[in-house]
Every structure is written in structure tokens, then in C-alpha cells.
Amino acid sequence: MMTSMGKCADAMLDPLFIQEGDEGYRNPTELKMSQIVLPCHANHCGELSVGQLLKWMDSTACLSAERHAGCTCVTASVDDIHFEHTIGVGKVVNIIAKVNRAFTSSMEVGILVNCEDLYTDRQWKVCHAFATFVARRTEAGKVQLKQVLPRTQTEQMEYSLAAERRRMRLIHAEIINDLLSSSTAQLGEFQEFQGAVPAERTRVESVELVLPPHANHQVSTFGGQIMAWMENVATIAASRLCKAHPTLRSIDMFHFRGPSHIGDRLVLKAIVNNSFKHSMEVGVCAEAYQGGEPLRHINSAFMTFEVLDADRKPCTIPRIRPEPVDGKRRYQEAVARKKIRLDRKYIISCKQTEVPLSVPWDPSNQMYLSFNNVTALKLMDTRNNWVLTSEKNKVRLYTLEENHVLCFKVEMHVSIPAEQTFHLLSDLRRRKEWDRIYEECEVIIQADEEDTLYRVATTSVSKGGKGQDFILLASRRKPCDARDPYLIALRSVTLPTHLPTEDYTRGEVLCAGFSIWEESSAVTKITYYNQATPGVLPYISTDIAGLSSSFSSIFSACRDFLEANKDSPAALPPPAL
């Protein structure tokens, strides 16, 4: 996922940091598994079967979850997985799992998979994933999980981001439905291709009898085993289209709908939903039954395959002709999922150089822009190596410079409850009441109660020069629990309806915003963050150099504004609908 802190944050987001911490400290939920890849684990190409890898990943993550919960746990879902490399026979697979955050009865477990060459001591990352596990009821009733207490900066970062990832899981289906409702405008018309392969030819159905070796220590069918069986039928379906041995590149979220047990007949079905130039999507589902009972839906997933030539380059995939009605629905849904994957790759990228400062906004990518916006601010909020540059009137200015990226933050305390502070600062139209840099601010689009697009015009830095204007996405978040702050995240976006004009220089904000922490019922800590892009740096450069203290007067005015308006209706939460 993209960060707004350049390469320093790129490294932080790399899940390799999952295993780092204070010297001599090890996270109590962290577990490691190492397996040497034997021929029995490999496919026809002498590479580790993805199904086998999924079993190992699920097992390691489950044991980590159970260590934290102190009781048995079941897999609820596994987020999207992208496989960066294959693993050959003779290599060692190292898997690390730890609990990032616990909610009421569920928890997020981070999983990192590395491959090791025993002869060269070389290691490389294969994939990472985030799985959700649910603690099973005990005789005493529903389990209330204890909180994870992050100790290191990295653990604090993962703890904070886990809440945002959880939010994205809950609205995943809604994103697909919204995109499908916009239909042809976003996804295009269905196209007939000459010589297309009928989708029916790729259909696979297979049945498995769940035996004791397939069960976990809770006598339920092992989640990793179900995922492995699903990967097997999906690979067969993909092979029937391309007439070759496909390589699994990514898996969209696994979501377990219900349990399976020893004695179940597990029916696995797969079909190619759509094919693109160099890839194809296979839909796969698992259903279970015993005796004459109706089928129970256990799990479903969507897997993306490629076919690689001798030089490991993607080959062209034959086009698919979908079946009527349901087939065309699956065809369109596959296009929607591909668009979402591309949006994520474009917006939530680990390499800042791959993403422009301003990303185009439209309703189909709103959720991912909002996610990235908040994630970038949370990353800055978890950094602990800021340097105090100056202090005046109880307002502190800090800077952080790493890998040629300069960030700054301004920190102060106010005697106003955090929620009132959040509501007053959320409306950017009122910022000109305390920030003399703001000249104008108008709402362009009110996307929903959490996301608003603004046009902001600011004063000129030089006398007689042109002012700047910004098109900003403001994303608001209330705390998930008492260990989270209120957040107001800002970043630049582009809109075709609001192009640059001759009257203003178009400025860009990569990451900015407020973190609002409740320190007591009447005392709130406000921290304003900003990454110094070329559009922002001129306004703060003299303060950072110690030549002025305009930041102090601006944020002292902010404190006065909050004090004067703390009893106004704008400071109160909106009434419930």
C-alpha cells in the first residue's frame, strides 16, 4: 500500500518489519515455521504447490491466534495474497505469524513468507497476508479477547493499520456492488471475441471426503486444507483454457462462511470467469453436505493465473465466451475485480515513485483513496524519531528527514474534549478562521459522511505572485477503540471538473492531516502532520530554518478558535438518523 513518507515509509510498510523489534524482545504471539520443500510438496514444474503453502500459512497463523486467545480459533478470512516468486524443491520456506490487533472476538494475524537458499544463505520475500481468526465459544460463553499491547514502533504501526484494514474487509462486497451498479460506464460493454473458448469447457467439479488427517486439532476441516483443494480445482480450470501449466499470481479474499467437519463431502467447483490479455480469473467455491442434507456454502475465492514462457514472461491467454445470464454476470464481476486490483496497485503502492502526488478521484476508487489517505497519516503518527526544531507559546514544531523526504509536525494541547475538537477541525471551510494561509475553501463533492472533496485557495508566498490552489480529499475517522485517535487525513486528488487555471498555481499535498488524541475528558493533544512537497514547503521553510515562528501564531489562533467555538453546534456530533 502506498505511503506518503517516501522510501522511509516504503520500508516500514514492507511486512519484513513484522519480525523486527527491540533488541532481545520478541512479540509473545509471534510464531515461526520452517519447512524444506520436498518432491511430495511440489507440482509438475518442481515448484512448491500453492495449496501446500496455504496450508502451512494457515497453520502458523492459527497457532499464533490461539497463543493470544488462550483457546481454539478458526479461520474467518484471508485477505488478498500476491505471490511474488515461486519456490523450488530443496529450498526452505520460513513463515512468521503474529497477532497485530484483537477486537471483540476476532483478531488480525500478519503472515510473512520468505524463501531461503541453504547453499547461498540468500533469502527473499515470497508473499505476505493478513488473516482474520475468530475465537471459538467456550463452556463459559463467548470469548472476550484481551487487547494486544504494541511495544515497538512497528507493532504500533500494524496495530493502527489493522483497524483500517478491518474497515476495508467489511465494505469489500459493497465496493464490488457499487462498481457493478455503475455498469458499462466503468466496466465497458461485453465483447464477443472470434475464436473465444466457451467458459463451460473450463468447468471443474470435484468431491473430497473429509477424513481425520484433513481435520485440525478442533476436529473441524482444516482451513488450509480447504484452501489447498480449492487451489487444485482452480488450477485445472485454468489449464483447460490455456492448454498449459498456469502459475497462480494472486488470490482475492478467502471468506469462510461456515465450518466443515470429518465425514463431510466437500464439493469443489471452479470455472474461468474471464480472461484478459495475459491473465485469467478463476472463480472457485467449496460446499459441504452429509447424507441427504442440502449443500452448505463453506468458502469462495477468485484466483488470477498467468502462463509463463521459457523466459518467465507472460503469454497471451485465449479469450473466453461466457455462458448466458450467470456467466455474463461472472464475466462483468471479473472485470470489476480487475479494475479494483489495478486501482489498488496504482493507489496503494509501496513505491512512491510509481504514484503521482495527485491521483484521479472517481466513485469507484473512493474507498481505496480513502484507505490510503488514512493509512499514510497513521504511518506518520506512529513514527517516534521526530526532532524538536522549535517551541513557542506551548506549540512545538518537529521535523523528520529520511531518504531525502522531509516531514514536519506541529503539536499542542487544548482544554477541549477530543470529539468536539474533531468536529470543529473536520470542516475545512472554517480553517480560514484561524489559518491565515487559507483564503478560500469550498466543498466540491460530499462523497459520504467520512470523505469530502474540497478546493482550497491559499495566499501567495511572494509579494505580487500568484496564490496556489489545491484539490483535497479529506478523510475522517473516529477511533475504533480508546487506543486510537480521531483522524482527519488530507491528500491531493485530480478532478476533470476542476482543472488548473491561470489565476492560481496548482499545488499538491501528498500527506497531511490531524491526529487528535484524548488525554483526559477535558484535555486533548492535537498533532498536525505534513509532508513537505514543493507546493507546501515555501509556507514552512523559514520556520524549519528557525528564521520565523509563524507556525506558533497560526496554531495559537487554532487553539483560540477551538476555545471560542467549543459550545457551538458545529462542535457537537451530528444527530443520529
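Predicted model: local features only at pLDDT ≥ 70, side-chain atom pairs only at ≥ 80, totals over all residues.

Biologist: Which residues in H9 are buried?
Modeller: Ala418, Gln420, Thr421 and Phe422 are buried. His423, Leu424, Leu425 and Ser426 are buried too.

Biologist: Zoom out for me. How many helices and strands does the protein chain have?
Modeller: The chain has 11 helices and 25 strands.

Biologist: And how much of the chain is buried?
Modeller: Of the 577 residues, 56% are buried. The chain exposes about 25400 Å².

Biologist: What about contacts across the sequence?
Modeller: Take the contacts between residues at least 6 apart in sequence. Among those, 70% join residues at least 24 apart.

Biologist: New topic: charges. How many salt bridges are there in the whole structure?
Modeller: A search finds 33. In general, side chains of opposite charge can pair when their charged atoms come close.

Biologist: Show me one. What does Lys125 pair with?
Modeller: Lys125 forms a salt bridge with Glu84, at 3.4 Å from N to O. Lys125 sits in strand S6, while Glu84 is in the loop between strand S3 (81-82) and strand S4 (92-102), so the pair ties together parts that are 41 residues apart in sequence.

Biologist: Are those two buried or exposed?
Modeller: Lys125 counts as buried because its relative accessibility is 14%. Glu84 is partly exposed, with a relative accessible area of 36%.

Biologist: Which residues are linked in a network of salt bridges?
Modeller: Asp79, Glu108, Glu158, Arg165 and Arg169. Within that group, the side chains of Arg165 and Glu158 meet at 2.9 Å, N to O. Both Arg165 and Glu158 are buried.

Biologist: What about Lys378? Where is it?
Modeller: Lys378 is in helix H8, residues 366-382. Lys378 is buried, yet it has no salt bridge.

Biologist: Why no salt bridge for Lys378?
Modeller: The nearest side chain of opposite charge is Glu164, at 4.3 Å.

Biologist: Then what does the side chain of Lys378 reach?
Modeller: The backbone oxygen of Ser160, at 2.7 Å.

Biologist: What else is Lys378 in contact with?
Modeller: Leaving aside neighbours within four places in sequence, Lys378 is in contact with Ser160, Leu161, Ala163, Glu164 and Leu487.

Biologist: Last one: the surface. Which residues make the nonpolar patch?
Modeller: Ile36, Leu38, Leu118 and Tyr119 make it. The patch covers about 450 Å².

Biologist: Where does Leu118 sit?
Modeller: Leu118 is in the loop between strand S5 (106-117) and strand S6 (122-135). Leu118 counts as partly exposed because its relative accessibility is 44%.

Methods:
Residues numbered from 1 in each chain as written. Heavy atoms only, no water. Helix = DSSP H or I, 4+ residues; strand = E, 2+ residues; numbered from the N terminus. Buried < 20%, exposed > 50% of the residue type's maximum accessible area, 1.4 Å probe, protein only. Lys, Arg positive; Asp, Glu negative; His and termini not counted. Salt bridge = Lys/Arg side-chain N within 4 Å of Asp/Glu carboxyl O. Polar contact = N/O pair within 3.5 Å; in protein donor to acceptor, adjacent residues only side chain to side chain. Contact = heavy atoms within 4.5 Å. Patch = residues over 30% accessible without salt bridge, like charges linked within 9 Å, V, L, I, M, F, W, Y side chains within 5 Å. Areas by Shrake-Rupley, 256 points an atom, 1.4 Å probe, with all protein chains shown as cover.
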